[in-house]
Amino acid sequence: MSTVQSPVWLGAQRATLETSVATPSGRTPSVVAAVFAAQWREIARNRWVLAYAIVLLLLTEALFQMGGSGVRALTSLLNLVLLLVPLVTSVFGVVYWYAAREFTELLLAQPVARRRLWWGLYLGLVVPLVAAFSVGLTLPLVWHRALDAETVRLLALYLGVGAALTASFGAAALWIGVRQDDRLRGLGLMLGLWFSAALAYDGVVVWLATAFSDWPLERPMLFAMLANPVDLARTALVLRLDSAALMGYTGAVMARTLGGGPGLAVSALGLALWIAGPVWLAVRAFRRKDF
Amino acid sequence: MCAGLVRVVVSATALLLGTAAVASAQRDTARVPVSSDTLIDVSPTGPIRRVTDALARVADGGRIRIAAGVYREPTLVVERPVTLDGAKGAILDGEGKRGLLVVRAPSVTVRGLVFRNTGSSQTEDRAAVRFFEGADCTVEHNRFEDTFFALLLQEMQRCVVRHNVMRGMRGTQSRTANGVHLWSSEGVVVEDNIISGHRDGIYFEFASASVARRNTVTGSLRYGLHFMFSDDCRYEANRFEANQAGVAVMYAKRVHVVGNIFARNRGSAAYGLLLKDINDSEVRGNAFTDNTVGVVLEGSNRNVVRDNRFEANGWGLRLLANAQDNQVEGNLFARNLFDVGTNSRSSYSTMRGNHWDRYRGYDLDRDGAGDVPYAPVRLFALVVERAPAALVLVRSLVAGALDLAERVAPVLTPATLIDPAPLMRRPVLAPVQAGALSLDGRVTLTGRREAAPEEF
């Protein structure tokens, strides 16, 4: 992570911003666009984002070689995506926030709206990660010419779900960054959040399901799935992957609520709320923060 | 004295009855010519326009040819051995109000007719064609459309039902009945039929020594195949696809289920094949694909499940604890969400020499069987068995973690349900070729094109 704190890094950003402010036409440049552009340029060159893309690419490639079809490769990737995407976004997001702290403070000294500044920072974090994720998943399937209709539909769902998880955890990371000035503690909190959502939560759900197995739990379980973005993402994908298995009673309730066209809309809405919530929290914290 | 009186009364009665019989015979002669024929043509334009009339004058063993046209008549009753031969386009229509043909005689053949529109009934076993208490019947190359029961055989022996196409009525389970229904019959062969949209496609009830082979049964509102109390029957090379509750067979002994395809039977109570109280039977060389549950063994004992392929099912095989001494051998399990499910820690069946795509063992002595036994019951499957709602966590990391923990130190999964010698390589199973002609008339795997009724 040495690059993120180097003077070159900050210099590059400052230079970018200055050039964009001093546009000869005299237009007021969009703050969101300017900050986003600066961060994009910086992060796109960041070796961690590159590594993220390459790891996903190699995994997809390897799984494709083993499974022989796009659908099988994507199926095997399920848990990896659900684990890796929130983890990478969490860690990278927190580190990104602290690294951009001085740059942010510098910009705050300028007459720019805080809300816009935040959106610039946020998009600068999320868009490169989503791009890396998309490239990593898509490229191997493209160069193996494995993009039949079924694979394309599944891939689209994966990309959508991956983007939603990145957006959600990215916003959460920025929120924790704003609220917690201590870097180590901030990182710890974010990792705790990731651990709770991706692992501990399901453990509790299994325990509840077995402890209260005499009760009709189908609907509470569905709400439990809606109440966690990682589970919501998983159910959306699983309903497309294992429709035969999921036709038991629980599965039928699940498929009716979260499967099919309307179900996909419910999942999408749920994930959208899981983006909107953290974004709202983070923006509010950012606006109220006394830097 | 007393005896004399009795004699007088008896003879008087006989005289009376005799007169009545003669009178009724005279009335009949007035309506239809007495002379009976061995070959009668019925057509909408000919001298005999109703099948009813032809039946009244046909000789024993005679033949009635029915020309193209729609015949709307009261339910036909056949009471002597005849052959009904329909030309292309000969249609018997029940106008939604009645069954079409009742047969109470032996050696009757019904061929080439279209039976349609019987309507449904909750008070009678209304069937397009219904046979009673006879033997040696043949029902072939007919088409049944919108019929309640298509074909109902009661107390029949040695019948052949082949190359028919049956399409049930649209609606709910109670508005439609079974395609081919055997009741208390023996030695019946049901082959190469295409049956769709009935309550049960084929139902053998108290049948024995009968065979269903190369039929295609799809879209049944309940079971594709259903049999109860039907011993010594064979079910071979049929295709049962997308039936609401799959196939359920109950209370029978010495049954052979061989070389069938069970596919896409999905639903909260759908099984590829449910065996309930089935003993000393054989399930061999079938393909179970894409079902909610491939095979369930419940209260079934001493059966052999061998050389089947279980692919892409929710549950491949569910072996309940009340099923004893069953052998599961040489099967292929691949891409099932759960290969084997059970409801108890105990199991009294044996598994040996199956191939499991999840098996990660090795074979140092190169004898083809893995050196490490394989426990196909995953802990998460057991959790789902106890708490069905936990299914929402399928494919989650927690489910994976549970399975991993159990694999490392098995304490909860059934100790006895273990394959001690899993096959290292996929067994080479004969390709399953099943089913009659497909519904759109294309030749399916059996390749018996010439067998198709002409009009399809």
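In the predicted model described here, 26 residues of chain B are in contact with 29 residues of chain A, two residues being in contact if their C-beta atoms, placed from the backbone, lie within 7 Å. Helices H3 and H4 of chain B each supply at least two residues of the side of chain B that touches chain A; helices (H or I, at least four residues) and strands (E, at least two) are DSSP runs, numbered from the N terminus. The largest share of this side, three residues, comes from H4(B). By type, the residues of the side of chain B that touches chain A comprise 14 nonpolar, eight polar and four charged. Here Ala, Val, Leu, Ile, Met, Phe, Trp, Tyr, Cys and Pro count as nonpolar, Asp, Glu, Lys and Arg as charged, and the others, Gly among them, as polar. Residues are numbered from 1 along each chain as its sequence is written, while chains are lettered from A and ligands numbered from 1 in the order in which they are written. The model being predicted, local features need pLDDT of at least 70 and side-chain atom pairs count only at pLDDT 80 or more, whereas totals for chains, interfaces and linings use all residues.

A residue is buried if 20 or more other C-beta atoms lie within 10 Å of its own, exposed if 12 or fewer, and partly exposed in between, with C-beta atoms placed from the backbone.

Chain B is divided into domain 1 (34–260 + 443–456) and domain 2 (268–377 + 414–431), with bounds that come from an automatic or database domain assignment. The C-alpha centres of the two domains of chain B lie 36 Å apart, and 17 residues of domain 1 are in contact with 19 residues of domain 2. On the side of domain 1 of chain B that touches domain 2, strands E25 (246–253) and E26 (256–258) each supply at least two residues. E25(B) gives the most to this side, with eight residues.

Leu55(B) is found in helix H2 (residues 51–57) of chain B and counts as buried because it has 22 C-beta neighbours inside 10 Å. Apart from neighbours within four places in sequence, Leu55(B) is in contact with Ile64(B), Leu76(B) and Val78(B).

Most residues other than glycine have a negative phi. Arg158(B), however, has a positive phi near 50° and lies in the loop between strands E13 (149–154) and E14 (160–162) of chain B. Arg302(B) likewise has a positive phi, of about 55°, and is found in the loop between strands E31 (293–298) and E32 (304–306) of chain B.
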